[in-house]
Amino acid sequence: MQFTVALDGPAAAGKGTISKALARHFGFAHLDTGLLYRAVGAKGGDPVTAARGLTQADLAREDLRSLEAGAAASRVATIPEVRQALVRFQRDFARRDGGAVLDGRDIGTVICPNAEVKIFVTASPEIRAHRRWLEVGGEEADVLVQVRERDARDMNRADAPLKPAFDAVMLDTTAMSIDDATRIAISLVEAGLRP
Ligand code: CDP
(Lines give C-alpha, C1' and ligand atoms only; values in the text may rest on other atoms or scores of the structure.)
Protein backbone atom coordinates (compact mmCIF):
# COMPACT_ATOMS: atom_id res chain seq x y z
CA MET A 1 0.00 0.00 0.00
CA GLN A 2 1.27 3.47 -0.86
CA PHE A 3 0.00 6.30 1.34
CA THR A 4 1.72 9.63 1.94
CA VAL A 5 1.14 12.07 4.77
CA ALA A 6 2.69 15.51 4.10
CA LEU A 7 3.24 17.61 7.22
CA ASP A 8 4.54 21.11 6.62
CA GLY A 9 4.98 24.22 8.74
CA PRO A 10 7.45 26.65 10.31
CA ALA A 11 10.17 25.88 12.86
CA ALA A 12 9.07 24.33 16.17
CA ALA A 13 5.37 24.25 15.30
CA GLY A 14 5.16 20.61 16.42
CA LYS A 15 5.70 18.84 13.09
CA GLY A 16 8.42 16.52 14.39
CA THR A 17 6.46 15.28 17.41
CA ILE A 18 3.22 14.90 15.47
CA SER A 19 4.83 13.10 12.55
CA LYS A 20 6.68 10.65 14.80
CA ALA A 21 3.43 9.90 16.64
CA LEU A 22 1.57 9.41 13.33
CA ALA A 23 4.27 7.04 12.06
CA ARG A 24 4.10 5.01 15.28
CA HIS A 25 0.29 4.91 15.33
CA PHE A 26 -0.15 3.81 11.71
CA GLY A 27 3.09 1.84 11.29
CA PHE A 28 4.30 4.25 8.57
CA ALA A 29 7.93 5.17 7.89
CA HIS A 30 8.94 8.72 8.88
CA LEU A 31 11.32 11.13 7.16
CA ASP A 32 12.32 14.40 8.82
CA THR A 33 13.29 16.24 5.63
CA GLY A 34 14.74 19.15 7.64
CA LEU A 35 17.53 16.79 8.62
CA LEU A 36 18.62 16.58 4.96
CA TYR A 37 19.06 20.36 4.78
CA ARG A 38 20.67 20.46 8.22
CA ALA A 39 23.18 17.80 7.12
CA VAL A 40 24.00 19.72 3.92
CA GLY A 41 24.52 22.95 5.91
CA ALA A 42 26.68 21.20 8.52
CA LYS A 43 28.91 19.49 5.97
CA GLY A 44 30.54 22.74 4.87
CA GLY A 45 32.22 23.24 1.51
CA ASP A 46 30.10 23.59 -1.59
CA PRO A 47 26.44 22.95 -0.60
CA VAL A 48 25.45 21.57 -4.03
CA THR A 49 28.25 18.98 -3.92
CA ALA A 50 27.29 18.18 -0.31
CA ALA A 51 23.63 17.64 -1.28
CA ARG A 52 24.53 15.40 -4.23
CA GLY A 53 26.81 13.23 -2.09
CA LEU A 54 24.79 13.04 1.15
CA THR A 55 25.35 9.81 3.12
CA GLN A 56 23.68 8.09 6.07
CA ALA A 57 26.69 9.08 8.20
CA ASP A 58 26.02 12.78 7.39
CA LEU A 59 22.44 12.36 8.64
CA ALA A 60 23.59 10.70 11.87
CA ARG A 61 25.71 13.64 13.09
CA GLU A 62 25.02 14.61 16.70
CA ASP A 63 25.10 18.37 16.13
CA LEU A 64 22.27 18.69 13.59
CA ARG A 65 19.56 19.88 16.02
CA SER A 66 21.41 23.04 17.16
CA LEU A 67 20.18 26.57 16.38
CA GLU A 68 23.31 27.13 14.26
CA ALA A 69 22.59 24.01 12.20
CA GLY A 70 19.00 25.25 11.70
CA ALA A 71 20.23 28.64 10.48
CA ALA A 72 22.79 27.02 8.13
CA ALA A 73 20.06 24.68 6.84
CA SER A 74 17.73 27.53 5.96
CA ARG A 75 20.56 29.27 4.07
CA VAL A 76 21.50 26.25 1.91
CA ALA A 77 17.77 25.53 1.45
CA THR A 78 17.44 28.69 -0.67
CA ILE A 79 19.73 27.17 -3.36
CA PRO A 80 17.61 25.54 -6.13
CA GLU A 81 20.33 22.98 -7.06
CA VAL A 82 20.49 21.82 -3.44
CA ARG A 83 16.71 21.35 -3.33
CA GLN A 84 16.76 19.57 -6.70
CA ALA A 85 19.44 17.12 -5.52
CA LEU A 86 17.19 16.02 -2.64
CA VAL A 87 13.91 15.57 -4.56
CA ARG A 88 14.35 12.00 -5.78
CA PHE A 89 15.29 10.62 -2.36
CA GLN A 90 12.23 12.26 -0.74
CA ARG A 91 9.79 11.13 -3.46
CA ASP A 92 11.08 7.55 -3.36
CA PHE A 93 10.67 7.57 0.41
CA ALA A 94 7.12 8.93 0.12
CA ARG A 95 5.99 6.16 -2.25
CA ARG A 96 7.61 3.25 -0.40
CA ASP A 97 5.32 0.34 0.38
CA GLY A 98 3.56 0.53 3.74
CA GLY A 99 2.93 4.28 4.03
CA ALA A 100 5.14 7.26 4.84
CA VAL A 101 5.00 10.51 6.80
CA LEU A 102 7.28 13.32 5.60
CA ASP A 103 7.67 16.54 7.53
CA GLY A 104 9.20 19.70 6.11
CA ARG A 105 8.34 22.94 4.36
CA ASP A 106 7.44 21.99 0.78
CA ILE A 107 6.18 18.41 1.02
CA GLY A 108 2.55 19.19 0.17
CA THR A 109 3.39 21.84 -2.41
CA VAL A 110 6.45 20.52 -4.31
CA ILE A 111 7.68 17.09 -3.22
CA CYS A 112 4.33 15.26 -2.90
CA PRO A 113 1.56 17.39 -4.40
CA ASN A 114 -0.57 14.22 -4.64
CA ALA A 115 -0.12 13.19 -0.99
CA GLU A 116 -3.26 11.51 0.37
CA VAL A 117 -3.22 13.72 3.50
CA LYS A 118 -1.71 17.21 3.84
CA ILE A 119 -1.48 19.02 7.15
CA PHE A 120 0.02 22.47 7.70
CA VAL A 121 1.03 22.88 11.35
CA THR A 122 1.40 26.42 12.70
CA ALA A 123 1.73 28.26 16.02
CA SER A 124 2.56 31.84 16.99
CA PRO A 125 6.27 32.78 16.77
CA GLU A 126 6.36 33.38 20.55
CA ILE A 127 5.02 29.92 21.40
CA ARG A 128 7.34 28.27 18.86
CA ALA A 129 10.36 30.15 20.24
CA HIS A 130 9.36 29.09 23.77
CA ARG A 131 9.15 25.42 22.72
CA ARG A 132 12.51 25.59 20.93
CA TRP A 133 14.06 27.39 23.93
CA LEU A 134 12.95 24.52 26.20
CA GLU A 135 14.94 22.19 23.92
CA VAL A 136 18.07 24.25 23.33
CA GLY A 137 18.29 26.62 26.34
CA GLY A 138 20.16 29.96 26.18
CA GLU A 139 18.28 33.28 26.03
CA GLU A 140 14.63 32.94 25.05
CA ALA A 141 14.66 36.39 23.36
CA ASP A 142 17.57 35.28 21.13
CA VAL A 143 15.70 32.11 20.18
CA LEU A 144 12.68 34.26 19.15
CA VAL A 145 14.93 36.41 16.94
CA GLN A 146 16.32 33.27 15.26
CA VAL A 147 12.86 31.77 14.76
CA ARG A 148 11.63 35.01 13.10
CA GLU A 149 14.75 35.19 10.89
CA ARG A 150 14.31 31.61 9.76
CA ASP A 151 10.56 32.12 9.11
CA ALA A 152 11.35 35.15 6.95
CA ARG A 153 14.02 33.30 4.95
CA ASP A 154 11.84 30.20 4.50
CA MET A 155 8.72 32.16 3.46
CA ASN A 156 10.42 34.63 1.14
CA ARG A 157 12.77 32.39 -0.87
CA ALA A 158 11.97 32.07 -4.57
CA ASP A 159 12.23 28.28 -4.80
CA ALA A 160 9.70 26.18 -2.83
CA PRO A 161 8.86 28.81 -0.19
CA LEU A 162 7.13 27.78 3.03
CA LYS A 163 3.37 28.03 2.39
CA PRO A 164 0.36 25.77 2.83
CA ALA A 165 -0.76 23.70 -0.16
CA PHE A 166 -4.18 24.89 -1.36
CA ASP A 167 -5.69 21.60 -0.15
CA ALA A 168 -3.84 21.33 3.19
CA VAL A 169 -5.74 21.20 6.48
CA MET A 170 -4.50 23.95 8.82
CA LEU A 171 -3.62 22.86 12.35
CA ASP A 172 -2.84 25.79 14.67
CA THR A 173 -1.17 24.44 17.82
CA THR A 174 -0.72 27.80 19.61
CA ALA A 175 -3.31 27.07 22.32
CA MET A 176 -3.25 23.30 22.06
CA SER A 177 -1.30 20.60 23.82
CA ILE A 178 0.84 18.45 21.58
CA ASP A 179 -1.30 15.45 22.58
CA ASP A 180 -4.47 17.19 21.37
CA ALA A 181 -2.74 18.23 18.13
CA THR A 182 -1.62 14.64 17.61
CA ARG A 183 -5.16 13.33 18.19
CA ILE A 184 -6.50 15.69 15.52
CA ALA A 185 -3.75 14.65 13.08
CA ILE A 186 -4.55 10.96 13.71
CA SER A 187 -8.23 11.54 12.92
CA LEU A 188 -7.29 13.37 9.69
CA VAL A 189 -5.17 10.41 8.58
CA GLU A 190 -7.92 7.95 9.56
CA ALA A 191 -10.34 9.91 7.39
CA GLY A 192 -7.83 9.78 4.52
CA LEU A 193 -7.44 6.02 4.87
CA ARG A 194 -11.20 5.37 4.76
CA PRO A 195 -12.32 4.00 1.38
O1 CDP B 1 12.86 21.42 13.25
P2 CDP B 1 12.66 22.76 12.61
O3 CDP B 1 11.27 22.97 12.16
O4 CDP B 1 13.23 23.88 13.40
O5 CDP B 1 13.57 22.81 11.30
P6 CDP B 1 13.81 21.71 10.22
O7 CDP B 1 12.51 21.10 9.80
O8 CDP B 1 14.88 20.79 10.70
O9 CDP B 1 14.36 22.56 8.97
C10 CDP B 1 15.54 23.32 9.00
C11 CDP B 1 15.55 24.24 7.78
O12 CDP B 1 15.66 23.43 6.59
C13 CDP B 1 14.29 25.05 7.58
O14 CDP B 1 14.33 26.31 8.23
C15 CDP B 1 14.20 25.21 6.06
O16 CDP B 1 14.93 26.32 5.62
C17 CDP B 1 14.88 23.97 5.53
N18 CDP B 1 13.92 22.99 5.03
C19 CDP B 1 13.42 23.15 3.76
O20 CDP B 1 13.73 24.13 3.10
N21 CDP B 1 12.57 22.23 3.22
C22 CDP B 1 12.20 21.16 3.92
N23 CDP B 1 11.39 20.26 3.36
C24 CDP B 1 12.67 20.98 5.24
C25 CDP B 1 13.53 21.93 5.78
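User: At what angle do helix 8 and helix 9 pack?
Analyst: Helix 8 (residues 125-136) packs against helix 9 (residues 140-156) at about 120°, and their axes are 8 Å apart. That angle makes helix 8 oblique to helix 9. Angles under 35 degrees count as roughly parallel, over 145 as roughly antiparallel, 65 to 115 as roughly perpendicular and the rest as oblique. Axes are lines fitted to C-alpha atoms, for helices over the stretch in contact, with angles from 0 to 180 degrees between N-to-C directions. Helices are DSSP runs (H or I, at least four residues), numbered from the N terminus.

User: What kind of model is this?
Analyst: This is a predicted model, in which local features need pLDDT of at least 70 and side-chain atom pairs count only at pLDDT 80 or more, while totals for chains, interfaces and linings use all residues. Residues are numbered from 1 along each chain as its sequence is written, and side-chain values use heavy atoms, leaving out hydrogens and water.

User: Which residues of helix 8 meet helix 9?
Analyst: Among them are R128, R132 and W133, and the residues they meet in helix 9 include L144 and R150; contact means heavy atoms within 4.5 Å.

User: Turning to the ligand, how many residues surround it?
Analyst: The ligand is surrounded by 19 residues, and the closest are R38, R83, R132, R150 and D154. A residue is near if one of its heavy atoms lies within 4 Å.

User: How far is the side chain of R150 from a ligand oxygen?
Analyst: An N or O atom in the R150 side chain is 2.7 Å from an oxygen atom of the ligand. For R83, the corresponding distance to a ligand oxygen atom is 2.8 Å.

Note on methods
Helices (H or I, at least four residues) and strands (E, at least two) are DSSP runs, numbered from the N terminus. A polar contact is a pair of N or O atoms within 3.5 Å; within protein, one must be able to donate a hydrogen and the other to accept it, and residues adjacent in sequence count only if both atoms are side-chain atoms.
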